[in-house]
Amino acid sequence: MPPRPAFLRYTFKKTNPKPAGSISRALMLNPGTTMNSTVLPPGTYWGQYQDITKSNTHLSVAERLWVAWYAWVQNDVLATGIMSFVIHELFYFGRSLPWIFIDSLGSFNRYKIQSSKVPSLREQWDCAKFVLLSHFTVELPQIWLFHPMAQFFGLSTSIPFPSPWTMTYQIAIFFVMEDTWHYFCHRALHWGPLYKAIHKVHHQYSAPFGLAAEYASPIEVMILGFGTVSSPILWCAFTGNLHILTMYIWIVLRLFQAVDAHSGYEFPWSLHHFLPFWAGADHHDLHHEKFIGNYSSSFRWWDYLLDTDYTPDALKRRREKKVKAKKTQ
């Protein structure tokens, strides 16, 4: 981890000190600040939080909670690993839950793209079990290795947090980078041998639903998930400017995008009606129904530029092109 500025230096005294680069041993707080007691109350997270709050009122509540977490756990890899996995599970299943209720109640069935294919609770439960198994056996080990990799490339875990503008433009760049990776890898996975060996699992549901966003073979999870993780890491490697909080917000937004794209519902207020280049559920639902085209994750431009979009307008455009070509012969 790159050295932190002196004006944020603060040292906790512990009987078993951590390595010099550990945030849990040398957290950065305030210029010249000295805590009332350099020995923090043992045993409780809130004890850490209250002691940090006493002499660091300039920090936001979120920053105090953040510092207290690392101080309490006293192990950076463990603290980051637990937080990363909990965030992933909480927001993935939390975002899927409303779609489960919508499918079960049937009150929004008029907005269902494939209205005759509503998943049963049994299908949802079987999917959830498969996804949970994948999360614990495939994704958890990768998440656990994330902190050492992030430290190697200079990802910051210190305070203060980056500005909203910094996080916004970086996340926008990550969306573009991931979408590019996803398009070409996803398109490759539809090549015969790769489809049968890897991608066929994800297409078990021809009418997707929210929970099925990460219903995939372990190899596919690693291939497509690499784009989500490597985009910010690559940015950090080249710029040296990225905070792990930005990474977390990016992953949450990417999870929301993936779950919503698999929801199977097209609403008048869906985002692509306001941002025409946004993909959305109607774009990806057609991919599951027809097993062809619409390979992008977030945006429509790669499918449009490389003529792989599968929409009524695209089909009409291709027919007109064929007719024009025949006339010129």
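The model is predicted, so local features are reported only at pLDDT of at least 70 and side-chain atom pairs only at pLDDT 80 or more, while totals for chains, interfaces and linings use all residues. Residues are numbered from 1 along each chain as its sequence is written, and side-chain values use heavy atoms, with hydrogens and water left out.

The largest nonpolar core contains 34 residues. A nonpolar core here is a set of buried Ala, Val, Leu, Ile, Met, Phe, Trp, Tyr and Cys residues joined through side-chain atoms within 4.5 Å; buried means under 20% relative accessible area, exposed over 50%, and partly exposed in between, with a 1.4 Å probe and protein chains only. W66, W69, M83, F146, L155 and I244 have the most contacts inside this core. Two or more residues each come from helix 1 (45-54), helix 2 (61-73), helix 3 (76-105), helix 5 (146-152), helix 6 (164-188), helix 8 (218-239) and helix 9 (244-261). Helices are DSSP runs of H or I with at least four residues, numbered from the N terminus. Apart from its neighbours within four places in sequence, F146 is in contact with T80, S84, L155, V229, I233, I244 and M247, where contact means heavy atoms within 4.5 Å. A second, separate core has 19 residues, including I102, A258, V259 and Y265.

Helix 6 and helix 8 also meet each other. Their axes come within 9 Å and cross at roughly 145°; axes are lines fitted to C-alpha atoms, for helices over the stretch in contact, and angles run from 0 to 180 degrees between N-to-C directions. Among the residues of helix 6 in this contact are F174, M177, E178 and W181, and among those of helix 8 are F226, G227, P232 and W235. The contact divides into 12 nonpolar, six polar and one charged residue, with Ala, Val, Leu, Ile, Met, Phe, Trp, Tyr, Cys and Pro counted as nonpolar, Asp, Glu, Lys and Arg as charged, and the others, Gly among them, as polar.

Most residues other than glycine have a negative phi, and most peptide bonds are trans. The bond from I159 to P160, however, is cis, with omega near 5°; P160 is found in the loop between helix 5 and helix 6. Q74, in the loop between helix 2 and helix 3, has a positive phi near 65° and is buried at a relative accessible area of 12%. D307 has a positive phi near 55° and lies between helix 11 (301-305) and helix 12 (312-328); D307 is partly exposed, at 37% relative accessibility.
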